[in-house]
Amino acid sequence: MDSTQNGRPSKILAAYSVPALLDEVYRRLTPIWPDAHPLLHYRSCFELLVAVILSAQTTDEQVNSVTDELFNRYPDAHSLAHAEISAVERIIHPVGFFHVKARHIIEAAQMIEARFDGKLPPSFDQLLELPGVGRKTANLVASACHEVPGIIVDTHVLRVLCRLGISPKKDPSLAESIVRAHLAPEKHTHFSYSVNRHGKFTCTARKPACTQNGAPCPLEDICPKIGITSL
């Protein structure tokens, strides 16, 4: 077994610095996944914010299955701010943790209406003040709606960054800080989405492509496969 440094085997360390590896991942994945946009269904930035809050610990597909009804009934901050929580809970029940999520989206709508005249907060820091909004959500919404670079570290992105040895721990904030320090800002958003798709469809949690006979992975020759044991 190769010796390691900061969780990355020495052969990979010798071949790629962290900035070089990030750039190589970007170079390989972005042509495969050119669509740098959320997979969530939404018609406005407010709807995107709500959908991302609902997406915690569930799939985009599950969120999309409930948002048509939710947004038809509550299309803006004003209508959701005055919603009955039991009615919202009934609609979003399939996404899980629906009590907490219903409270968060209603309270977020109330804050948006009271403090921002019903419009999405204009800054990243103001987005973070909203109930149910963490750094992943704020980065995603700010990049999609305000066209600022966003490093969106969801469960798929974090898994890939850990397996590549870019992040030595399963810590979203640490992973975000490493990417921010070593990858050019203009690459942040597209990098995030391409790595997300790679983790969602290729480097999956239980059966990554490198463990399946004949399944191609565009990163296999540069990946130390940290944490993957069923090879």
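**A close look at the cysteines**

Modeller: Let's start with Cys45, which counts as partly exposed because its relative accessibility is 28% (buried is under 20% relative accessible area, exposed is over 50%, and partly exposed is in between, with a 1.4 Å probe and protein chains only). Bear in mind that this is a predicted model, in which local features need pLDDT of at least 70 and side-chain atom pairs need 80 or more, while totals for chains, interfaces and linings use all residues. Residues count from 1 along each chain as its sequence is written, and side-chain values use heavy atoms, without hydrogens or water.

Now for the partner. Cys45 is joined to Cys145 by a disulfide, with 2.3 Å between the two sulfur atoms (a disulfide needs cysteine sulfurs within 2.5 Å). Searching the whole structure turns up one disulfide. Its S-S torsion is about -120 degrees, so the Cys45–Cys145 bridge is left-handed. This bond ties together distant parts of the chain, since Cys45 sits in helix H3 (residues 45-54) and Cys145 in helix H9, 100 residues apart. (Helices are DSSP runs of H or I with at least four residues, numbered from the N terminus.) Cys145 is buried, because its relative accessible area is 18%.

What about Cys162? Its closest cysteine sulfur belongs to Cys203, and at 10 Å that is too far for a bond. Cys162 is buried too, with a relative accessible area of 11%. Cys217 is also in no disulfide, and its nearest cysteine sulfur, in Cys210, is 6.3 Å away.

(A pocket is an open set of points on a 1 Å grid where a 1.4 Å probe fits, with protein on both sides within 12 Å along at least five of seven lines; lining residues have an atom within 4 Å of a point.) The largest pocket has 29 lining residues, and Lys136, Asp154, Thr155, His156 and Asn196 are nearest its centre. Helices H9 (135-146), H10 (155-163), H11 (172-182) and H12 (188-201) each give two or more residues to that lining. H12 gives the most, with five.

In the second largest pocket, 14 residues form the lining, and Ala36, Ser143, Ala144, Glu147 and Thr189 are the closest to its centre. H9 and H12 are the elements that give this lining two or more residues, and H9 has the largest share, three residues.
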